[in-house]
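Subject: Handover of a structure, with findings

Dear colleague,

Please find below the structure that I am handing over to you. I would ask you to keep it open while you read the notes that come after it.

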Amino acid sequence: ANLTLNNTDQIVKAYLYWAGSGAGDLDISLNNVAISADLHYNVTQTTSLGTFVLFGAFKDVTQLVQNMGNGNYNVTEFDLTNVIEPYCPNAINFGGWAMVVIYKNETFKLTQLNVYHGMHSIGNNVPISIDLEGLHVIDKIGSKIGFIAWEGDANISNGEVLKLNNQDLFENPLNPINNAFNGTNSITGSNTLYNMDI
């Protein structure tokens, strides 16, 4: 992935997230620097062939990204080869990574920014609701919400609805009202992420 910030943008925080099938590969490399997860999560997904563990991991990489600045970022040593065989036939074999960079610029208007960590399994027709606390939005004009979801099947919807102040949020064609996690990236306009959604 390529990071391109303006000269007047100052990096405040940088967070690396990675996830995949299995109990977890928690020791990976970012630009050839070995890192280990600060936090990790495990969830289970049940199919007709059994129950399978999935993982999510998080690392604060602020210092590394502040030192490197703009340029290409590459994750390596992220190996899920040993879980392909049991997970792939169940259509729950996946792996991916994303980096969230928080930056400030003195020309920005007053902004509230919240970052929430966590991982939940969605599916099996079991409803789930994730409520965010401390998020105060008076006017949705100019407001943005972002998420990283490790489910990117455009043709599979489990009733994934994003609401703000009890109003459904959607942005066609990338984010239909009932399929928020659909393999798209609203920032770049991509619809080919397949195992993730941003």
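This is a predicted model: local features need pLDDT of at least 70, side-chain atom pairs count only at pLDDT 80 or more; totals for chains, interfaces and linings use all residues.

Residues are numbered from 1 along each chain as its sequence is written, and side-chain values use heavy atoms, with hydrogens and water left out.

Strands and their pairing

Strands (E, at least two residues) and helices (H or I, at least four) are DSSP runs, numbered from the N terminus. Two strands count as paired if DSSP finds at least two bridges between them.

Strands E5 (residues 39-47) and E6 (residues 50-60) run antiparallel and are joined by 9 bridges. E5 and E6 form a hairpin, with 2 residues between them. Within this pairing, leucine 39 is opposite phenylalanine 58 of E6, and histidine 40 is opposite alanine 57 of E6.

E6 also pairs with E2, in the antiparallel sense, over 7 bridges. Here serine 21 faces leucine 54 of E6.

There is also an open sheet of 3 strands, with antiparallel pairing and the order E4-E3-E8. Its edge strands, each pairing on one side only, are E4 (33-36) and E8 (75-76). Strand E3 (residues 27-30) is joined to E8 by 2 bridges, and leucine 30 stands opposite valine 75 in E8.

Phenylalanine 58

Is phenylalanine 58 buried or exposed? Phenylalanine 58, which is found in strand E6, has a relative accessible area of 7% and is therefore buried. Buried means under 20% relative accessible area, exposed means over 50%, and partly exposed lies in between (1.4 Å probe, protein chains only).

A contact requires heavy atoms within 4.5 Å. Not counting residues up to four places away in sequence, phenylalanine 58 touches Tyr15, Leu16, Tyr17, Trp18, Ala37, Asp38, Leu39 and His117. The C-alpha atoms of phenylalanine 58 and leucine 16 are separated by 5.7 Å, although these residues are 42 residues apart along the chain.

Aromatic pairs

A pair of aromatic rings is described by the distance of the centres and the angle of the planes. Rings of Phe, Tyr and Trp (its six-membered ring) pair if their centres lie within 6.5 Å; planes under 30 degrees apart count as stacked, over 60 as edge-to-face and the rest as tilted.

How many aromatic pairs does a search of the whole structure find? The search finds 6 aromatic pairs. In one of them, the rings of tyrosine 17 and phenylalanine 58 have centres 5.4 Å apart and planes at 50°, so this pair is tilted. Tyrosine 17 lies in strand E2 (residues 10-21) and phenylalanine 58 in strand E6, so the pair ties together parts that are 41 residues apart in sequence. Tyrosine 17 is buried, at 14% relative accessible area.

Phenylalanine 147 and phenylalanine 181 form an edge-to-face pair, with 5.0 Å from centre to centre and 80° between the planes. This pair links distant parts of the chain, 34 residues apart: phenylalanine 147 is in the loop between E9 and E10, and phenylalanine 181 is in the segment after E11. Phenylalanine 147 is partly exposed, with 22% relative accessibility, whereas phenylalanine 181 is buried, with 19%.

Isoleucine 128 is found in the loop between strand E9 (95-104) and strand E10 (162-164). At 36% relative accessibility, isoleucine 128 is partly exposed.

Asparagine 179 is found in the segment after strand E11 (167-169). Its relative accessibility is 5%, so asparagine 179 counts as buried. Apart from neighbours within four places in sequence, asparagine 179 is in contact with Asp153, Ala154, Ile156, Ser157 and Glu160.

Yours sincerely
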